[in-house]
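The following paragraphs lead through a protein model and its ligand. Please keep the sequence and the structure in view while reading.

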Amino acid sequence: MMKAVRGMRDVFGEEMATWQRVEQIFRTVSAAFGYHEFRTPMLEHTELFARGVGEGSDIVGKEMYTFLDRGGDSVTMRPEMTAPIVRAAIEHNILRHQPTSRLWYYGPLFRYERPQKGRYRQFHQFGAELLGSPHPEADAEIIMLAYETLRAVGAKLIEGVALEINTLGTASTREAYREALVQHFVAHRSTLSEDSQRRLDTNPLRILDSKHPDDQSLIADAPALRTYLDEAAHMHFDTVRLLLDAAGIPYTVNDRLVRGLDYYSHTVFEITTTQLGSQNAVCGGGRYDPLFEMVGGTPAPAVGFSIGVERLVLLLEQMEGGLQPPSRAQVAVIALAEEARLPAQLVALRLRRDGVSVITDVQRRSAKAQLNAAVKEQAQYAILLGTDELAAGTAMVKNLATASQETVSVERISPYLQQHLGVKAR
Ligand code: ATP
Ligand code: MG
């Protein structure tokens with residue numbers, strides 16, 4: 001039997017209703033904050049991620065789907081969205097036309113990871129990028145947008161998550177801190193976990209993210225980044241905190257939170273849950289002022305976040321106890337006689353044009369089997385067309401819940417249903 005590629009999921013049936021619900025929320029909340037949707041291609045030049053995300057990151061180091069296309073160019077299935085958005089912003093000169101650009105995205109990403117619950121090789125992110133502002137108001141707006149999205153998804157959900165924030169200061173802070181970390185860890189190299197030994201050479205900050213027991217005591221003794229921050233970085237971070245406090249958004253400061261990518265500066269944040277085992281991150285984000293220049297653009301300040309949609313859907317299913325029923329067709333049009341089969345299709349088309357959701361028979365079944373199918377679909381109304389109705393230009397409209405029925409002229413079916421179903425006339 002042919003199966004889906006490992007780590008890649010089909011979404012259908014009851015689960016789909018949950019996806020559609022959260023997708024609707026992404027649109028509504030982004031619109032409330034004045035963000036515009038942005039779509040980029042699934043494939044980018046490999047160099048974009050090598051330069052933008054960084055060779056030392058886990059993503060570029062070991063998680064990318066990279067291949068040569070037929071023309072011999074190295075392309076990569078996007079493993080994250082920030083670098084593509086920045087590439088597109090530079091390519092289309094977006095900041096020249098719109099010096100403060102508020103963008104959101106939603107779509108699939110690809111990372112070659114070990115699949116497990118909440119971790120897949122194709123997964124989806126909803127996220128936003130605020131381009132063009134160096135000020136803490138922008139960091140706070142992005143955190144609020146992430147937080148408000150989760151709040152809109154579920155009141156219970158927002159109670160079960162924790163927001164952690166930190167600051168990395170400027171690129172030079174990071175550089176100085178990186179050296180201090182290397183000095184600290186290198187003396188105890190052999191006691192570090194294998195992964196962290198590798199990180200010591202490629203991305204020492206990432207050691208602080210390690211959950212490996214062997215690393216914990218050394219991490220606890222590591223120098224604090226705070227002492228390397230300059231005055232401006234302190235002020236920036238204090239203002240972000242002030243704005244979050246004023247908005248009543250609860251958070252904790254975690255000075256070990258670094259995030260694994262090369263492009264962050266100043267504020268970084270993560271929203272986690274205790275409900276998903278070790279796949280505990282629901283949302284990650286931060287300021288990435290260095291990125292525009294890293295991928296070859298004019299420097300520009302920016303900040304953004306992304307939410308993992310599979311993890312959000314899992315959380316919702318766990319918290320709200322079960323899945324939503326898929327949305328059903330409201331009406332079934334049923335042919336009671338052979339010669340009513342074609343007219344039934346036409347009645348259905350007319351109703352669909354008026355915004356009613358309708359199913360018809362495409363299996364040439366008996367009237368009884370059609371009616372059973374309508375009940376199974378949980379349609380609210382059946383429109384019955386027989387020889388007499390055809391001759392009179394009418395149909396029998398049957399309420400399937402009450403079994404009451406009425407004869408309605410064919411032209412009147414739409415307004416009749418719109419009235420009874422509460423569908424808006426187009
Ligand atoms: P993790 O520590 O779980 O690997 P990450 O730091 O790699 O997460 P980000 O790159 O910050 O994740 O991506 C943002 C969000 O995307 C994460 O918080 C998570 O919800 C989701 N995510 C990341 N990788 C996966 C994956 N392989 N499968 C499903 N969701 C993912
Ligand atoms: Mg990861």
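In helix α13, the residues V309, E310, R311, L312, V313, L314, L315, L316 and M319 are buried, where buried means under 20% relative accessible area, exposed over 50% and partly exposed in between (1.4 Å probe, protein chains only). The helix, residues 309–319, is thus mostly covered, with 9 of its 11 residues buried. Helices (H or I, at least four residues) and strands (E, at least two) are DSSP runs, numbered from the N terminus.

This is a predicted model, in which local features need pLDDT of at least 70 and side-chain atom pairs count only at pLDDT 80 or more, while totals for chains, interfaces and linings use all residues. Residues are numbered from 1 along each chain as its sequence is written, chains are lettered from A and ligands numbered from 1 in the order in which they are written, and side-chain values use heavy atoms, with hydrogens and water left out.

Ligand 1 is surrounded by 14 residues, of which E113, R119, Y120, R259 and A281 are the closest; a residue belongs to this shell if one of its heavy atoms lies within 4 Å of the ligand. E113 places a polar side-chain atom 2.7 Å from a nitrogen atom of ligand 1. A polar backbone atom of A281 is 2.8 Å from an oxygen atom of the ligand, and an N or O atom in the side chain of Q125 lies 2.9 Å from an oxygen atom of ligand 1. The protein covers 89% of the 590 Å² of accessible area that ligand 1 has on its own (Shrake-Rupley method, 1.4 Å probe). Two or more shell residues come from each of β6 (122–131), β10 (281–287) and β11 (302–308), and β10 gives the most, with 3 residues.

Away from the ligand description, the nonpolar cores may be considered. A nonpolar core is a set of buried Ala, Val, Leu, Ile, Met, Phe, Trp, Tyr and Cys residues joined through side-chain atoms within 4.5 Å. The largest one has 46 residues, and F185, L208 and Y288 have the most contacts inside it. Helix α4 gives the most to this core, with 5 residues. Beyond four places in sequence, F185 touches L192, L200, I207, L208, L218, I219 and A222, contact meaning heavy atoms within 4.5 Å.

Finally, T149 lies in helix α6, residues 136–153. T149 is buried, with a relative accessible area of 0%. Its side chain reaches the backbone oxygen of L145 at 2.6 Å. Leaving aside neighbours within four places in sequence, T149 is in contact with I25, F26, V29, F126 and I307.

Conventions: A polar contact is a pair of N or O atoms within 3.5 Å; within protein, one must be able to donate a hydrogen and the other to accept it, and residues adjacent in sequence count only if both atoms are side-chain atoms.
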